[in-house]
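Here's a quick briefing to read with the structure open beside you.

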Amino acid sequence: MKILVYGIGAMGSIYASLMADAGNNVFVVDKWEEHINKIQKSGLEINGASGHKIVKKLNCYSNVPKNEFFDLIIIATKASGVEKASFELKDCIRKDTTIISIQNGLGSSDKLTKYISKNNIILGVADGFGASIISPGVIHHNAMKLIRIGEINGGSSSRLNKTLNIFLKAGFNTKVYENINQLIWEKFICNVTFSAPCTVYNCNIGKLMKTKAFWKVALGCTKEAYDIAKKKNVPLSFNNPIEYVTEFGSKMPNAKPSMLLDHEVKRKSEIDFINGKVAEMGDELGIFVPYNLMLSQIIKLRENSFQ
């Protein structure tokens, strides 16, 4: 298979390395030239959950290569980079090209369909999947539990099963779901609970949950996101959001949300697609969401000082 991974930060690097190890012809694109140059010169070094390896069989680019077409494209940027990715990728897509977008938060699929047909798109949700960049060309793979994939409009398809097999052969624990949007919303509620609160209080998930005042604020964010889901008639697998996010967080007390990791290196986060998205939807629906509104404003104020 000819595969392009657009955005080889921490997560994208794991997708690229395992896909290449499985014998696929993998192209990688990233704007971080120091990272790309190091991979091109010395290979992509991976440590952690998927073992230690140096992957040298990657075709590296800082821009989408011209006159190349792909069987599968994995968009692994932050949600804020999806619209730009879709614009840059639109000319290397055939009718039978499958694009899978795997991001946190809500709203990135709307950005994707601005330039790319829904007929080419499937969505993914990463569950218990973590990685971090140690230095240019060096990635630590923290964990890899499950990749869930589904058609953007729901249901099943032959291309969905084909994509499933590609991921399984590369070593990813992957499952197909007929209602991927339900799973996206369920993960979104967890992201809302932990992302901005951990970042504002500068703590991991365990400390957030153990500190009464912090956890009260986090659960305020949870309830607001849940109320919006119910208002929008989103089907969910649970009726008790507090119990759901508590169980989710208790499994990873030492983890730090990607938003906090971004702030630790003075990098702008995906706030507009997580807690900021709750604030946006609350305004649209006339629902008061003070916790998410306040935290998202604090995050944005901090990010105004980032380069």
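Let's begin on the outward side of helix α12, where M294 and L301 are exposed. Across from them, N292, L295, S296, I299 and E303 of α12 are buried. Looking down the axis of α12, those buried residues fall within an arc of 100 degrees, so they line one face of the helix. Keep in mind that this is a predicted model.

**Helices α11 and α12**

- α12 is 14 residues in length and covers 20 Å from first C-alpha to last, close to the 20 Å expected at 1.5 Å a residue.
- The cover over the buried residues of α12 includes α6, α8, α10 and α11.
- Helix α11 takes in residues 275-285, and its buried residues are N275, G276, K277, V278, A279, M281 and G282.
- Among the elements covering the buried part of α11 are α6 (180-201), α8 (212-231), α10 (258-264) and α12 (290-303).

**Nonpolar cores**

- The largest nonpolar core has 59 residues, and I73, L89 and W185 are the ones touching the most other members.
- Helix α6 gives this core its largest share, with 12 residues.
- L89 touches L4, Y6, V64, I73 and I75, if you skip residues up to four places away in sequence.
- There's also a second, separate core of 37 residues, with A20, L44, I102 and I147 among its members.
- In soluble globular proteins, nonpolar side chains tend to be buried together.

- Strand β3 (residues 44-48) runs antiparallel to strand β4 (residues 53-55), and 3 bridges join them.
- Within that pairing, I46 sits opposite K53 of β4.
- β3 and β4 make a hairpin with 4 residues between them, and G51 in the turn has a positive phi of about 90 degrees.
- β3 also pairs with strand β9 (residues 138-151), this time in the parallel sense, over 4 bridges.
- Here the residue facing G48 is H141 of β9.

**A look at H141**

- What does H141 contact, leaving aside neighbours within four places in sequence? The list runs to I14, I46, N47, G48, A49, S50, F129, G130 and A131.

**Cysteines**

- How many disulfides does the structure hold? The count is 0.
- For C60, the closest cysteine sulfur is the one in C92, 16 Å away, so that pair is too far apart for a bond.
- C60 is buried, with a relative accessible area of 9%.
- C221 has its closest cysteine sulfur in C198, at 11 Å, which is again too far for a bond.
- C221 is buried too, and its relative accessible area is 0%.
- For reference, a disulfide is a covalent bond between the sulfur atoms of two cysteines.

Conventions
Residues are numbered from 1 along each chain as its sequence is written. This is a predicted model: local features need pLDDT of at least 70, side-chain atom pairs count only at pLDDT 80 or more; totals for chains, interfaces and linings use all residues. Side-chain values use heavy atoms; hydrogens and water are left out. Two strands pair if DSSP finds at least two bridges between them. Helices (H or I, at least four residues) and strands (E, at least two) are DSSP runs, numbered from the N terminus. Buried means under 20% relative accessible area, exposed over 50%, partly exposed in between (1.4 Å probe, protein chains only). Contact means heavy atoms within 4.5 Å. The expected span of a helix is 1.5 Å times one less than its number of residues. The arc is that of the directions from the helix axis to the C-beta atoms. A nonpolar core is a set of buried Ala, Val, Leu, Ile, Met, Phe, Trp, Tyr and Cys residues joined through side-chain atoms within 4.5 Å. A disulfide is a pair of cysteine sulfur atoms within 2.5 Å.
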